[in-house]
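Trainee: Please walk me closely through one part of this model, namely how its pieces pack against each other. I'd like the details in one go.

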Protein chains: 2
Amino acid sequence: MAKTKRLLTLLIRLIALGATLAASIIMATSRETGSFFSVSYEAKYTDTPAFKYFVIANGVVSVYGFLVLFLPSESMLWRLVVALDAVFTMLLTSGISAALAIAYVGKKGNSQAGWLPICGQVPKYCDKVTGALASGFVGVITYNMLLLYSIHTLFNPLVHKA
Amino acid sequence: MAKTKRLLTLLIRLIALGATLAASIIMATSRETGSFFSVSYEAKYTDTPAFKYFVIANGVVSVYGFLVLFLPSESMLWRLVVALDAVFTMLLTSGISAALAIAYVGKKGNSQAGWLPICGQVPKYCDKVTGALASGFVGVITYNMLLLYSIHTLFNPLVHKA
């Protein structure tokens with residue numbers, strides 16, 4: 001029983017690692033040269049602080065997720081991992097929220113502020129950003145599930161013998 | 001000792017409630033009529049989906065924070081409160097991240113995307129949004145502290161007798 005749970009948690013952590021790593025890489029490699037009022041320019045993630053933050057957040061959480069995989073199951077550090085999960089889940093949530101807010105303006109624009117949508121000029125860039133956000137979303141959901149599950153098991157000390 | 005901790009937690013929850021409530025109200029009442037290329041328009045929070053989300057997130061968490069104040073200290077529901085704290089802290093974190101990302105564009109603009117800063121046209125609106133974000137930041141920090149403290153106490157069942 002405890003072994004099945006451990007394997008399940010490991011599987012979820014692997015999915016989360018894959019998702020955050022993919023989100024970080026897809027966003028970091030998204031670039032397209034478009035023209036805007038006949039001025040040629042290259043759209044890339046470093047133009048937007050929110051996208052940079054997204055790449056950094058997902059990169060940092062990927063490193064953390066990778067290291068946790070090698071933690072022996074008897075280690076006392078697992079208790080610290082719940083608190084670390086909470087902190088890194090916050091970081092991921094924050095990163096995707098900021099990136100989503102900016103991506104929404106890029107897609108729809110904001111007529112009151114006079115900000116025009118840019119997806120018409122650089123459609124492939126927009127598609128890649130959308131892909132990165134979707135992957136990041138999977139990462140956020142899995143980390144939130146892990147966190148709530150950890151909090152749940154902590155309530156019952158008999159269950160928490162993994 | 002347990003009583004001091006209970007009072008301290010109550011105090012922190014009151015601060016968090018005040019901060020989220022203030023953030024929600026300041027953002028919701030922020031509006032200013034400015035002119036943009038001689039076209040008069042009114043800047044208000046409903047123009048920006050991220051600011052609407054910020055108001056809703058802070059409003060919802062305020063209601064939750066208010067209700068929790070009336071939970072009797074012997075209640076078994078306190079165990080559920082840790083999980084609810086985690087969920088609502090995520091909501092707050094997400095709300096302020098999205099609002100900050102947009103507010104940054106409003107303040108600095110984004111030259112690559114051709115989005116101009118709007119704070120020059122509506123300085124008072126910008127000041128109010130900044131105030132709301134500062135207040136929201138206090139709320140996010142206090143809720144994160146509460147969550148990490150709850151996770152910390154859960155590790156030691158002897159401490160968790162509040």
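Mentor: Start in chain B: H1(B) and H2(B) are roughly antiparallel to each other, a label used for angles over 145 degrees, while under 35 counts as roughly parallel, 65 to 115 as roughly perpendicular and the rest as oblique. Keep in mind that this is a predicted model, where local features need pLDDT of at least 70 and side-chain atom pairs pLDDT 80 or more, while totals for chains, interfaces and linings use all residues. Residues count from 1 along each chain as its sequence is written, chains are lettered from A and ligands numbered from 1 in the order written, and side-chain values use heavy atoms, leaving out hydrogens and water.

Back to the pair: helix H1 (residues 2–28) of chain B and helix H2 (residues 49–68) of chain B cross at roughly 150°, and their axes come within 8 Å. Those axes are lines fitted to C-alpha atoms, for helices over the stretch in contact, and angles run from 0 to 180 degrees between N-to-C directions. Helices (H or I, at least four residues) and strands (E, at least two) are DSSP runs, numbered from the N terminus. The crossing of H1(B) and H2(B) is left-handed, meaning that the near helix is turned anticlockwise from the far one by less than a right angle; clockwise would be right-handed. On the H1(B) side, the residues that meet H2(B) include B:Arg13, B:Leu17 and B:Met27, and among their partners in H2(B) are B:Phe51, B:Phe54 and B:Tyr64. Contact here means heavy atoms within 4.5 Å. The residues of this contact of H1(B) with H2(B) split into twelve nonpolar, six polar and one charged. In that scheme Ala, Val, Leu, Ile, Met, Phe, Trp, Tyr, Cys and Pro are nonpolar, Asp, Glu, Lys and Arg charged, and the others, Gly among them, polar.

Now chain A, which has four helices and two strands, in the order α-β-β-α-α-α from the N terminus on. Its helices H1 (residues 2–28) and H2 (residues 49–68) pack at about 150° with axes 8 Å apart. That makes H1(A) roughly antiparallel to H2(A). H1(A) also passes H2(A) in a left-handed crossing.

A:Asp85 lies in helix H3 (residues 78–108) of chain A and A:Arg13 in helix H1 of chain A, so the pair ties together parts 72 residues apart in sequence. A salt bridge here is a side-chain nitrogen of Lys or Arg within 4 Å of a carboxyl oxygen of Asp or Glu, and the structure holds four of them over all chains.

Between the chains, H3(A) packs on helix H3 (residues 78–108) of chain B at about 40°, with the axes 8 Å apart. That makes H3(A) oblique to H3(B). This crossing is right-handed. Among the contact residues are A:Met90, A:Ala98 and A:Ile102 of H3(A), and B:Met90, B:Ala98 and B:Ile102 of H3(B). By class, the H3(A)–H3(B) contact has ten nonpolar, eight polar and no charged residues.

Zooming out, 34 residues from chain B and 34 residues from chain A take part in the contact. The two chains bury about 3,000 Å² between them, 76% of it on carbon and sulfur atoms. Buried area is the accessible area (1.4 Å probe) that two parts lose on being put together, summed over both. Across this interface of chain B and chain A, the rule finds zero salt bridges.
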